[in-house]
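Subject: Handover of a structure, with notes

Dear colleague,

Please find the structure for your study below. My notes on what was found in it follow directly after.

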Amino acid sequence: MSTPRPLVLLAHGTANPAGRETVYAVSRLVARRLPKVDLTVGFVDVCSPGPEVVLPPHPDAVVVPYLLTSGYHVHHDIPEAIARYAPDAVQTPALGLAGQVIDVAARRHRESLPPARAQVDAAVLTGAGSSDPRARQEVLCSASVLAACLALPVRAGFLSGPGPRGAEVVQDLRREGAACVAAISFLLAPGFFHGKAKQIGADVVSAPLGVHAGLADLVVARYRRGCVGPSPSSDASSASDAGRGEGKLSGRY
């Protein structure tokens with residue numbers, strides 16, 4: 001039996017120790033699901049180890065971007081690092097619009113509501129922000145899917161870069177009559193951007209997606225697809241995940 005291809009999980013990176021530990025905790029869940037696979041965690045920005053460290057020992061790895069959207073890191077930084085340090089590696093799509101992501105975001109929203117705020121009038125899905133319009137579009141699409149799942153008006157707001165800012169979206173919703181506005185954090189881990197999400201003026205703010213079995217399952221699905229052959233483009237995968245097997249919404253929030 002041949003040795004399975006190694007898995008390199010590349011997250012964004014953060015200066016927040018709790019944010020880094022969140023990534024490692026998810027990787028441990030993945031390792032339990034793939035006990036025979038050599039799994040390595042790296043970060044594309046802010047902290048180490050970077051791609052220049054984690055890729056060379058695994059030239060034929062399946063590289064899974066542990067990122068919610070497909071922006072500059074997915075389309076430029078990671079492919080360039082693979083070409084330089086691991087030319088036989090395969091890059092999978094980022095997490096994107098997969099059903100597991102939507103499920104966990106909805107769950108975190110419900111968990112954030114104290115009994116006195118069991119019902120909210122509207123929500124803003126707070127994404128970190130990106131200069132890449134493809135990444136921003138994924139957040140907009142995710143807001144639409146969440147709105148249908150939660151039976152709640154949900155609009156996208158960004159914490160940096162182009163596009164409507166989260167605080168502006170909260171103000172717009174209040175002007176339109178929403179008395180209680182929630183912020184749903186479209187973030188994988190604690191860190192700088194979750195701090196900013198808490199400052200946009202929402203009545204309640206959900207935790208980041210954090211550590212969840214569904215996210216580990218999604219990484220495993222990305223890895224297994226990458227082992228089969230060249231991955232589809234991140235854009236195509238993100239657009240279709242919500243309607244396919246690995247992206248099917250569970251309805252459990």
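Helices (H or I, at least four residues) and strands (E, at least two) are DSSP runs, numbered from the N terminus. In these terms, Ala151 lies in the loop between H5 and strand S6 (154-158). Before going further, please note that this is a predicted model, in which local features need pLDDT of at least 70 and side-chain atom pairs count only at pLDDT 80 or more, while totals for chains, interfaces and linings use all residues. Residues are numbered from 1 along each chain as its sequence is written, and side-chain values use heavy atoms, with hydrogens and water left out.

The chain as a whole

The secondary structure comes to nine helices and eight strands. Of the 253 residues of the chain, 53% count as buried (buried means under 20% relative accessible area, exposed over 50%, and partly exposed in between, with a 1.4 Å probe and protein chains only). Among contacts (heavy atoms within 4.5 Å) with a separation of 6 or more, 75% are between residues 24 or more positions apart.

Backbone features in the loops

Most residues other than glycine have a negative phi, and most peptide bonds are trans. Ala151 has a positive phi, near 55°, and is a residue other than glycine. Ala151 counts as exposed because its relative accessibility is 69%. Val46, which is not a glycine either, has a positive phi of about 75°. Val46 is found in the loop between S2 and H2 and is exposed, with a relative accessible area of 53%. The loop between strand S2 (39-43) and helix H2 (51-54) is also the place of Pro49. Ser48 and Pro49 are joined by a cis peptide bond, with omega about 5°.

Two helix pairs

Two packed helices are described by the angle between their axes and the distance between the axes. Axes are lines fitted to C-alpha atoms, for helices over the stretch in contact, and angles run from 0 to 180 degrees between N-to-C directions.

The axes of helix H1 (residues 17-33) and helix H8 (residues 213-228) come within 9 Å and cross at roughly 55°. H1 is therefore oblique to H8 (angles under 35 degrees count as roughly parallel, over 145 as roughly antiparallel, 65 to 115 as roughly perpendicular and the rest as oblique). On the H1 side, Val26, Leu29, Val30 and Arg33 take part, and they meet residues of H8 including Ala213, Val220 and Arg224.

Helix H4 (residues 99-111) and H5 pack at an angle of about 60°, their axes being 10 Å apart. H4 and H5 are therefore oblique to each other, and H4 passes H5 in a right-handed crossing. Among the residues that make the contact are Ile102 and His109 of H4, and Val145 and Cys149 of H5.

A buried serine

Ser130 is found in the loop between strand S5 (122-127) and helix H5 (133-150). Is Ser130 buried or exposed? Ser130 is buried, because its relative accessible area is 14%. Leaving aside neighbours within four places in sequence, Ser130 is in contact with Gly71, Ala135, Arg136, Ser160 and Pro162.

Yours sincerely

Technical notes:
A crossing is left-handed if the near helix is turned anticlockwise from the far one by less than a right angle, and right-handed if clockwise.
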